[in-house]
Amino acid sequence: MDELHIVFTEFVSMMTQTALDDRLLPLSLEDVAKEAAPRGEILPLYDFEPSAEDVLDALLPRYVESRIYNALLQSAASKHAATRRAMKSATDNAGDLITSLSRLANAARQAEITQEISEIVGGSAALADASAGSDR
């Protein structure tokens, strides 16, 4: 098979990237002449200067280069979007974890304070009972 393919990730949006396999060479021709000219109309002939072969020889490498460069840019944008999405998810998860652990720590601190207050009240009641018993 004499074909050149490029596989890259196409950037569709910040949430969507798709893997693509594009054929670079040989080029495929699209038949747009049928749509451009009504039936029976003669299309004009074009003269190339320099020759059509020289024009294609000059443009083809640039075309392939620009397609490869576009694929690299699409892949880079896709990578940055995926990285940003992953970092946002990690940040959101860390925020949720901090909130959860803060609530647990506050509940433990509140339980400790309640325990200390109960011990103080219990000790105060015991002292009051002891002093009331000695006053009799």
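Where is serine 13 found? Residues are numbered from 1 along each chain as its sequence is written, and side-chain values use heavy atoms, with hydrogens and water left out. Because this is a predicted model, local features need pLDDT of at least 70 and side-chain atom pairs count only at pLDDT 80 or more, while totals for chains, interfaces and linings use all residues.

**View 1. Serine 13 and serine 78, two residues 65 apart along the chain.** Serine 13 sits in the loop between strand 1 and strand 2, whereas serine 78 has its place in helix 2. (Helices, H or I with at least four residues, and strands, E with at least two, are DSSP runs numbered from the N terminus.) The C-alpha atoms of these two serines are separated by 8.3 Å. Serine 13 is partly exposed, with a relative accessible area of 27%, but serine 78 is buried at 4%. Here buried means under 20% relative accessible area, exposed means over 50%, and partly exposed lies in between (1.4 Å probe, protein chains only). The side chain of serine 78 also reaches the backbone oxygen of glutamine 74 at 2.9 Å. Leaving out residues up to four places away in sequence, serine 78 touches Thr9, Glu10, Phe11 and Gln17; touching, or contact, means heavy atoms within 4.5 Å.

**View 2. The largest nonpolar core.** Look for Ile6, Phe8, Leu24, Val64 and Ala71, the 5 residues of this core. Strand 1 (4-11) and helix 2 (52-135) each supply at least two of its residues. A nonpolar core is a set of buried Ala, Val, Leu, Ile, Met, Phe, Trp, Tyr and Cys residues joined through side-chain atoms within 4.5 Å. In soluble globular proteins, nonpolar side chains tend to be buried together. Now pick out leucine 24: apart from neighbours within four places in sequence, leucine 24 is in contact with Leu4, His5, Ile6, Val64, Arg67 and Ile68.

**View 3. Salt bridges made by arginine 23 and aspartate 22.** The structure holds 3 salt bridges, each a side-chain nitrogen of Lys or Arg within 4 Å of a carboxyl oxygen of Asp or Glu. Arginine 23 and glutamate 3 meet through their side chains at 3.4 Å, N to O. Arginine 23 is in strand 2 (residues 17-25) and glutamate 3 in the segment before strand 1, so this pair links distant parts of the chain, 20 residues apart. Aspartate 22 and arginine 67 meet at 3.7 Å, N to O. Aspartate 22 lies in strand 2 and arginine 67 in helix 2, so the pair ties together parts that are 45 residues apart in sequence.

View 4. The side chains of lysine 88 and aspartate 92 meet at 3.2 Å, N to O. Lysine 88 is exposed at 52%, while aspartate 92 is partly exposed at 38%.

**View 5. A nonpolar patch on the surface.** Leu27, Leu60 and Tyr63 form this patch, with about 250 Å² of accessible area together. Leucine 27 lies in the loop between strand 2 and helix 1 (33-36), and is partly exposed at 43%. Patches are made of residues with over 30% relative accessible area and no salt bridge: nonpolar side chains (Val, Leu, Ile, Met, Phe, Trp, Tyr) are joined within 5 Å, and like charges within 9 Å.

Key:
A polar contact is a pair of N or O atoms within 3.5 Å; within protein, one must be able to donate a hydrogen and the other to accept it, and residues adjacent in sequence count only if both atoms are side-chain atoms. Accessible areas come from the Shrake-Rupley method with a 1.4 Å probe; for residues, only the protein chains shown count as cover.
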